[in-house]
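Subject: Structure handover

Hello,

Here is the structure for you to take over. Please open it first, then read the notes below.

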Amino acid sequence: MTASNEGSRLIDEMKAQSGQDPADCYQCAKCSAACPVTAAMDLLPHQVIRYLQMGLEEELSNSKTPWICASCFTCAARCPRDLDLARMMEGVRLTVLRKREGNKFGPADLTPEQLEKLPQQALVSGFRKYNK
Amino acid sequence: MRYRYFPGCTLKGQAKNMENTTMAAASALGIELVELEEWQCCGAVYPLYEDELISLLSPVRTLAAAEGEPLVSLCAACHHVLKRAQELMQRNEEARDKVTDYLEIEYKGEGRVLHFLEVLRDDLGFDKLAEMIKKPLEGKKVAAYYGCLLLRPSKVMQFDDPENPTIMEDFIKALGAEVVKSPYRTECCGAYLSVTEEGVARDTVAKILQSARNAGAEALITACPLCRYNLENCAADDGKEPVQVYYFSELLAEALGLQYKQLMAEAKERRRVASDSK
Ligand code: SF4
Ligand code: SF4
Ligand code: SF4
């Protein structure tokens, strides 16, 4: 475990590209109470921020949570510190995806039945979220 | 009342029904929706990192193509992407310059960007709509399902109160139906998780449907094709009468007394004739 926040590229980029500073979070966990999909997560949303505060990039890259996050923006709507956690989740996803070998999902993962029935919106958003 | 209309890819595909019923209803209400001449898919998700400029090219091109006229869409996801892209163009000069230089267009974030429900509420007015209803849906118990994308983030979307919205309930009332309020009406349906993590979407959908049914709803309305897909396809078959899921526009067309099923058959026939004669 490398618990250092200093010189973390993820955090620097996050501040610049999402306007969110994990240090502003006071760990009240209201986001985790609001999140509709915590049952499938290995880290709760407020724990993701705690890991960000501690600079635990590698642990975050291996967590399931950012890929379960549906970008529903409920956490951000409830946060008393006005933090947009959905943007921070996106940041964690992008650090993985931008390494280019990290694509999570492609057309080959779909069954013909899914291709027949899924609305176009689901396919486009799925590819956008899990691919670069 | 004239608007530019951005359909988006889903409304020409799986959600054709939302477009057909809206078009029929709009013309009955004296609302002119003029489809943009050239358009592309909006990208379906708004880029949450502000250096993901490539994802902004399509929505910004669409925004500029409205030429300052109000721009209307029907799909919750399209509206979300367009509205947030517009807000970014107004707020972030650097991103704006890069995107508009690349596209070789002028755009500074001007023009109203509206969801069709906002047109009904703010421009036509629900009182006026209620007067124009020909076949009120009397006794039909209808719940609103908002989902995420129309409401949040509320500072940008400015659609309604994100925790206690009323626009869809007021719409249901204007159609003469009975409003049923269910506590899960603003919860996420699971969105694209139905593609990669279907089990997660099954859980979220079960809660939403159960909550609507417990509140007494027989039908539920949505403005989002993916919500509809999830609510219909990720629902557990528990042997009880399922809650019917409709696009808001389907009930609107019905309450206006429009024979939209017939209209759709006619449109299909026209497309068939057009493609045969190519
Ligand atoms: S709700 Fe906001 S302040 Fe509270 S733990 Fe979540 S991100 Fe931190
Ligand atoms: S945006 Fe992600 S983390 Fe936040 S409430 Fe929704 S699913 Fe949970
Ligand atoms: S698919 Fe959603 S997550 Fe369901 S988008 Fe429609 S508004 Fe919400």
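Helices (H or I, at least four residues) and strands (E, at least two) are DSSP runs, numbered from the N terminus. This is a predicted model, in which local features need pLDDT of at least 70, side-chain atom pairs count only at pLDDT 80 or more, and totals for chains, interfaces and linings use all residues. Residues are numbered from 1 along each chain as its sequence is written, chains are lettered from A and ligands numbered from 1 in the order in which they are written, and side-chain values use heavy atoms, with hydrogens and water left out.

Chain A, ligand 1

The shell is A:C25, A:Y26, A:Q27, A:C28, A:A29, A:K30, A:C31, A:H46, A:I49, A:C79, A:P80 and A:R81. A residue counts as near a molecule if one of its heavy atoms lies within 4 Å of it. By class, the shell has eight nonpolar, two polar and two charged residues. Ala, Val, Leu, Ile, Met, Phe, Trp, Tyr, Cys and Pro count as nonpolar, Asp, Glu, Lys and Arg as charged, and the others, Gly among them, as polar.

Chain A, ligand 2

Around ligand 2 are A:C35, A:P36, A:V37, A:C69, A:A70, A:S71, A:C72, A:F73, A:C75, A:A86 and A:M89. That shell has 10 nonpolar residues, one polar and no charged. A:F73 lies in the loop between α5 (65-68) and α6 (74-78) of chain A. Its phi is near 70°, a positive value in a residue other than glycine.

Helix α2 (residues 54-65) and helix α4 (residues 93-103) of chain B have axes that come within 10 Å and cross at roughly 75°. Axes are lines fitted to C-alpha atoms, for helices over the stretch in contact, and angles run from 0 to 180 degrees between N-to-C directions. α2(B) and α4(B) are therefore roughly perpendicular (65 to 115 degrees). B:L56, B:L57, B:V60 and B:R61 of α2(B) meet B:V99, B:Y102 and B:L103 of α4(B), with contact meaning heavy atoms within 4.5 Å. Six of the contact residues are nonpolar, none is polar and one is charged.

The peptide bond from B:R152 to B:P153 is cis, with omega near -10°. B:P153 is in the loop between β5 (141-144) and α7 (154-157) of chain B.

Best wishes

Note on methods. Parallel < 35°, antiparallel > 145°, perpendicular 65-115°, else oblique.
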